[in-house]
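We will go stop by stop, and at each one you get something to select and something to look for.

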Amino acid sequence: MRSLADRARVIAERGARAVAFAALAILFWRALRPPPPSGVEVAGASIERDLARWTTTAPAEIHVRLDAAPSPLVRDWLRALSRSGMRTHWSAARPLRPVAIVAEPTVEPDGGTRVRLASAVGEPVSIGDAAGLIDSLATGGNAELEMATVEGDLRARGTTYTASTIARDTIALRPVLVLGVAGWESKFTIAALEERGWRVASRLRVAPGVEITQGPLGAIDTSRYAAVVAIDTSAASSADAIARYARSGGGVVLAGNTARLASLSGIAAGSVGGRVPGIAGAVASAAPRTGLGVFPVAAARSDAVPLERRSAAVTVAARRVDAGRVVQTGYDETWRWRMSGGEEAVAAHREWWSRLVSAVAYAPLVRRASTGDVAIDETPLASLIDAVGPATSLDAAPRSNTDRSRTTRLLFAIVVGALLLEWASRRLRGAR
Amino acid sequence: MVSEFVFATGQYDSGDWDSAPLVPANLIDSMARYTSLPVAPTGAIVALASDDLFRFPLVYLTGHLPVRFTDVERANVRRFVDRGGMLFVDDHNHDIDGAFHKTAIDELSRSVGALTQLPNTHAIYSAFFKFPDGPPNTSHELNGWGDNLVHTHLLAAMRGDRIGVLYSNKDYSSEWGYHPDNKRFLSVDNTKFGVNVIVYALTR
Amino acid sequence: MQPFERVRRTRGVLAAAIAARALLWAAFATLGVMTVATASSRLGATDAPTVAWPLALMTGVLVLGAMLASWRRLTIPRVALWIEERVPRLQYALVTAVDSSATAAPVAALLADRVREVSWSAETRRAIARSLVRPFFAVVVAAVALVIARRVDVGRLTTADRDVAAVRAATAPDRSSPFARLVATIRTPAYAGGRVVRVESPVSVAALVGSIVAFEAPGAGQDVTADASGIAVPVERVGDAWRVSVTVGPRPSLVRLRHVTGDRVVALEPRADSIPTVRLTLPARDTVMRVARGAMAMSAEAHDDIGLVGGAFEYIVSSGEGESFTFRSGTLGGRTFGGAAGGALSASLGLDALALKPGDLVHVRAVARDGNTVSGAGVGASETRVLRVARAGEYDSIAVEGAPPPEADKSLISQRMLIILAEALERRRPRIGRETLVSESRAIGRDQTRLRKRVGDIIFARLGDDPTGEHEHTPGEPPHTDSEPPRVDPAAAAARDSMRQAMVRAGRSAREIAAADSADSARTELLRAASAATGTGQEILDFEGDETPIVAINRPLLEAYNAMWEASRELDQGETARALPPMRRALAAIQRARQAERIYLRGKAPSVVVDLARVRLTGKETGVANARTPRAAADPLAARRAERLAESIAIASRDAAAAIDSLVLLRVEALDAAPSLAAAIADAVDAMRGGRDATALLARARRIADGSTRARGPLRVWSGAW
C-alpha cells in the first residue's frame, strides 16, 4: 500500500510530466506561428549583421534599439534603408545624451588646436586623441580646451556616445607690428612676443627722425601684419592707418592710454579712465596684475566684451570693429610684472601678451586638402535624428527577436527540467 | 603714458660703489640732449640685495675696491639678468691687475656665467651713435692711468644674443664723472657711448 | 530496524550519491563544452555561437542520463552484497536476511540480531566520498577553464606574445644577441675614489662627470658597432668578451650599440660635481676700527659632496682714496683636508703685520677647493667680511658718505617674500593638515617677527645710555623736550614707580634710574605716536632692559611695524588668510617709507638734478636710425619635443620596441632642458619594458611636454583670450 508521501510523489511526477508536455506544445505552436511581418527590432550588439540582412530581405518596417549613439556607418546605413522606403524607427535602451565637438587651429605661432565641447550635464565625458587621454569632465558640461599637439582625430567619449572631429584647417600667421617709444614697456613686450614665437616687426622712436626698426615695415594692412600693438601715444602718427586696418579685418591691441588718440578712440572698446595705481607689492603675488598701474576701460561700448577686471573696473576689453577686432588693455607698465613678479612671472608675462595678440590677430584659415581616412562625427545624436528622425517611444516598439529567442530557451529549459525531475524522482523511489 | 627711464646705480656691500656720483647726472643729461625719451632728472641708488633692483632694468656698477657679492646679491644679480635686466659694470681703477677687476670678474662669472669678449661689430656700437671701431677710448686710458693699457674690447655675459652684463676696463666712470654743465667745454661729447648703452638696454 | 529497512535506507543514500556524481560529471561536461566553444570563438575572432549553451546543456543532460543509468542496478540484493563486500564481519548474514524467500522466521530473527550488531555507515560514507572527489575536482577545473577562456583574449594571445617578446627582446636574454648579457661597469674618477659599480642589463647609467663606463658582454663582438652621441667608439676584444668604453661628459648622451640582431640604447646621465660650500663663522660681521692693532680671529667650515682637498683664508688690503688705490693680497691658514667631506679652517690675521693705515680696507673670506681633476678643481668661497680702519677725524666730520636707506638684514627674508610664502601656504591649506599648516605658518611668523624687529631697530635707534639722544620728527610734529612732562597714564606710572623702587633696591645709581625713567617716558610717548600714526591701539614694543631708545619717528615705518605685529599674531595662530592683508599693508608702508623721509646711517648722497627742459634735444649730433634683430623663441625645442612624444605614443600601439627606443632618445635630450619631462618619460619606459600598462604614465608625460591642455575652462564669449 502506498504511503501518503508516495502518492504525493507520484502526483508530483505526473505533474512534472504534464508541465513538460505543455511546454513542448507551446514550443510546437510557436514554431508553427509565422513571425510578425514588420517591426523587427535589433539588439545593439548585432546591429550591423541585421542591417546587412535587412538590406537583402527588405522588411517593410524596422526598429532598432540602441544603447549608444551609433557610428556614422550604422547611421548612414539606417538613413539609406529609410530612404529606400523601409519604415525605420529607433529607440534608446537608455537615454542618449547630446554632445557636440569642434576643433579649430589656435592663433598661436607654435600652432595648437582649440577644441570646444558641449555635452549634457550629468554624464562624464573624456577627451582624447590617438595618443591617449587628454582631459575629462567628471559631470559633463561645456569646455574649451587648447592643446599644443593633437595626434590624429579628437574623440569625446561618454557613456552613450563617441563624438569625433579633427582640426581640418591651418592658419596663415603674419608678423605682429609693435609701435611705440623706446622704453621698458616696448622692449619687454617685444621680448615677450618674440620669445613666445611671434614674428615681430617694430618701430620704436628714440629721437626725432631716429627710429629703431625691425622686420618688414610697410603700409599697415592685413596682407602684411596679423596684428598691430600700439604701446603708447607715439602711435598717433599711424592712428588713422591703424583704424583703417582694424576695420578691414586686422587685429589691434591698444595698450595704456593709446585709446585716447582721436582716430583710435573710435575703434576702442571704451574710453580711457583715470590711471589707477597698482597695489604695492602685489606684482609678486598670485594676482600680479593687481600690482600694476592701469588706465581702466571707462564707459565701455555696448558691444565691448570685458576680458579682465580689477574690482569694479574693466582693465581689458575687446570688441569687433567691422571686419576686425580690437582689444584695449589699460596696463602701461607690464614690464614690472616680468621683472619683479614671482617665479613664473617671465613665462606668465610672455603668455599673457601672446594671448592678448592671439585674441584679436588676423589669421585666415587654410583648409587642408583632406582629412585622410578619419571619420568625423561631431554631433552623433543630432546626426542620428537628422538621418532617421526622432526616437520612437519604447512602449510602441514591437516584440523583439531577442524576446522570442529568450522565450524559446526558457521553454526548452522547462521541458528538460521537468522531464529530468520526473525521471529522477521515479528512479529514486525504485520505479522504472 | 611712457614710464620714464631712471638711471640706477647699484649699491653693493663690499666696496665703494658710489665712487662716481656724477656719472648718473651726466648720462641723464646726454639722454635728454640727444633723444626725446622720457628720463628722470635724477638717478636712483638701488641695493643689489634689494628687491628694488628689479624696478630698474638697467643698473650701473662701478668702484675701485674689491667686489664680493653676498649670497643675496649674487642670487639677485642672477635673477635680474635672467629676467631681462642689464648690468653695466665699469672698472673705475682701469687696472686689470687691480682688485676691482679680478674680484668683479670672479663674482660676475659666478653669478651670471663667463664673460667673453664682445665683438666690436656688436649692435651696441650702432644702437644710437655709430662707433665703427668698437668701444671709444677714454682719456684715462690714453694718458696711461691704471694698467697703462688701451683695452680694445669690452666683455659681456650674454643671454641668447642679448647682453646681460656689459663689463668695461676702460674707466668710463672717470671719463663721464663730471658735472654735465661742463660739457660746454668739450669739443666732442665723450658720453655718447653711454647713450648707446642706455638705448641698447631700452630696445634690445 | 530490520535488515531490509537498513538496506533500503542504504540504497537510498547510494542512489543520492550516484545522482550527485552524475550531476557533477554532467556539469563538467557542460562547462567543458562551453569552454571549448568560447575558446573557438575567440580564436576565430567571432562571437560565441548562440547554440553553444544549448549544446552544452544537451551534452550535460546526456552525460547525466548515462551516469544515472547505474540506478537500475540498485536492487536490494545488490546493495546488500555491496555492503557485505565492505563489511566482512557480516559474514553474509545481511544478504541472507534480506532474501526473504530463503529465510525462515526463526532464522530471520537470528540473522536480524546478527546484523543489528554491525554498522556500515562509515564504510558507506567513505565509499561515497571517494566516488565524488574526482568529479568534483573535474568541475572545478572546468569552471576555471571557462572563466579564463572568457576573460583572456585567446585570439590575440598568440600575436600579443609575439609583441611582448619583441619588447622583451630589448631587455630579456636573447641567446643569439651579443647584448644578451650586457653589463656596464662604472668607474668613478680617481679623485672621487675610483669606485667601481656594475649594472646588469643597463637602460641608463647615472654617473659622475668623468666616470669611465665600460659596456661588456661575452662573445667575440663581431659585427658590433658603437657610437656615443653619434661619434664612433671602438669595440675592443678582451679575453672571451667584448668591450666598449665611454667617458661620461658634462651633457647627457646616448650610447648606441648596434648589431644585425638589433640595437641597444643606453642613456648616460651625468652627475655634476658640486663646488664646496664654505661658511665664514668668524669674523661674524663687518667691522670698523679706529686703530688696527692685534689679531683678528678667523674661522670657517667647509663641506663638499665628494671630498675637499684644501682651503685657506684670502685677504685683500685696499689702500688709498679718491682715484688712487693700491692693493695687497695674500692667504693664510691654509690646510689640506685629505679628501674629507667636511672640515674646519681657522687662522689669526695679524693686523700689526699688515701695517694698516686710516682709510684702509681689509676684505677677508674663506675658500675651499675640491679635488675635481676632470673639469678642474671646484672652488667654493664664503661671504666676505670687511674690516675698515676709520680715517682720522671721521667721527668729527659732517661730510658723510652717501648711502641708500638701510635695508633689512641680508639674511632676513624680505616682506615681499613673506607674502609669497604666506600666499603659497594659503593655497595649500585645503590639502594639508592643521598641524602642518600651523607649523609652517609659525615659521613664516618667526621670519615676520625677525623682520619686524629689524624695522623696530631702524625706528628705535639705540645709542647706549644717553637718555636724550637725537631724533627726527616728520614735519608738523612737535619735538619732544625734556621740559615737557611725560604724558603717561596712571597704570604706566604705577608700573614705573615699581620699577624705580626695584632699581633702588638693586643698588642702581641715580643717573641710571633717571635714564630708565626717561626711557620709560619715551617709550610711552613712542607708544602713543605709533598708535596715532597707525590708528591702532596700544602696541607692545620690544625694548630690552633699561636701554634708552632714540626715536626716529618715521610714520610709514611705524605703520609697517604695527602691521607686522598684527601679521605675526595671525601667523602664530595659523591664520594665513587673515595675516595677508596686514602683511601687504606693511609692504606698502615700507615702500612709502623709502620714498618719504629717508633714514641714512651715513648721510645723504649728493645728487645733481638735470634741467631736462633746458637741455632737451640740444645735442650737436643726432643719432642714427638702426635695425634691431629679433630674439629667438624662449625654448624652440619644446614644441618639437612635444611632437616627438606624441609620435612615439602613436607608434607604441604598433611597435612597442621602436616606441621605447624613440622615448629613450627623447628622454636623454630632455634631461637638461626639461628634467621633469625626462623623469616622466623614464617612468613610462620602465613600465613598457616591464610589460605593464603605461597609458597613464605616457599621458602624464604628454601633459608635461606640451602642457597638453594649455587652457581649460567653460565656453568663452571671446575665445583665444584667457
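Select chain C and chain A together. This is a predicted model: local features need pLDDT of at least 70, side-chain atom pairs count only at pLDDT 80 or more, and totals for chains, interfaces and linings use all residues. Residues are numbered from 1 along each chain as its sequence is written, chains are lettered from A and ligands numbered from 1 in the order in which they are written, and side-chain values use heavy atoms, with hydrogens and water left out.

**Stop 1: where chain C meets chain A**

How many residue pairs are in polar contact between chain C and chain A? The count is 11, with both residues at pLDDT 80 or more. A polar contact is a pair of N or O atoms within 3.5 Å; within protein, one must be able to donate a hydrogen and the other to accept it, and residues adjacent in sequence count only if both atoms are side-chain atoms.

Now colour the elements of chain C. H16(C) gives the most, with six residues. Helices (H or I, at least four residues) and strands (E, at least two) are DSSP runs, numbered from the N terminus.

Colour by class next. This side of chain C has 30 nonpolar, 10 polar and 16 charged residues. Ala, Val, Leu, Ile, Met, Phe, Trp, Tyr, Cys and Pro count as nonpolar, Asp, Glu, Lys and Arg as charged, and the others, Gly among them, as polar.

Select Arg631(C) and Glu195(A). They form a salt bridge, and their closest N and O atoms are 2.9 Å apart.

Zoom out. Chain C brings 56 residues to the contact and chain A brings 71. Contact means heavy atoms within 4.5 Å. The two chains bury about 5,300 Å² between them, and carbon and sulfur atoms give 59% of that. Buried area is the accessible area (1.4 Å probe) that two parts lose on being put together, summed over both.

**Stop 2: inside chain A**

Hide the other chains for a moment. Chain A has 10 helices and 22 strands. Of its 432 residues, 52% are buried. Buried means under 20% relative accessible area, exposed over 50%, and partly exposed in between (1.4 Å probe, protein chains only).

Select helix H1 (residues 4–32) of chain A. Its 29 residues should span 42 Å at 1.5 Å a residue, and its end C-alpha atoms are 42 Å apart, so the two agree. The expected span is 1.5 Å times one less than the number of residues. Which residues of H1(A) are buried? They are Val10(A), Glu13(A), Ala16(A), Ala20(A), Ala23(A), Leu27(A) and Arg30(A). An α-helix has 3.6 residues a turn, so residues three or four places apart point the same way.

Go to Ser285(A). This residue sits in the loop between strand S17 (271–272) and strand S18 (297–298) of chain A. Is Ser285(A) buried or exposed? Ser285(A) counts as buried, because its relative accessibility is 13%. A polar atom of its side chain lies 2.6 Å from the backbone oxygen of Ala282(A). The backbone nitrogen of Ala287(A) is 3.2 Å from a polar atom of that side chain. Bring chain C back: leaving aside neighbours within four places in sequence, Ser285(A) is in contact with Thr290(A) and Glu423(C).

**Stop 3: inside chain C**

Chain C has 19 helices and 23 strands. Its 722 residues are 41% buried.

Select Val364(C), in strand S17 (residues 361–370) of chain C. Val364(C) is buried, with a relative accessible area of 1%. Not counting residues up to four places away in sequence, Val364(C) touches Leu280(C), Met296(C) and Tyr315(C), among others. Thr384(C) is 20 residues away along the chain, yet the two C-alpha atoms are separated by 5.6 Å.

**Stop 4: where chain B meets chain C**

Show chain B. The contact takes 61 residues from chain B and 48 from chain C. Select Lys192(B) and Glu621(C): they form a salt bridge, with the closest N and O atoms 2.6 Å apart. H1(B) gives the most to the side of chain B that touches chain C, with seven residues.

Definitions and conventions: Salt bridge = Lys/Arg side-chain N within 4 Å of Asp/Glu carboxyl O.
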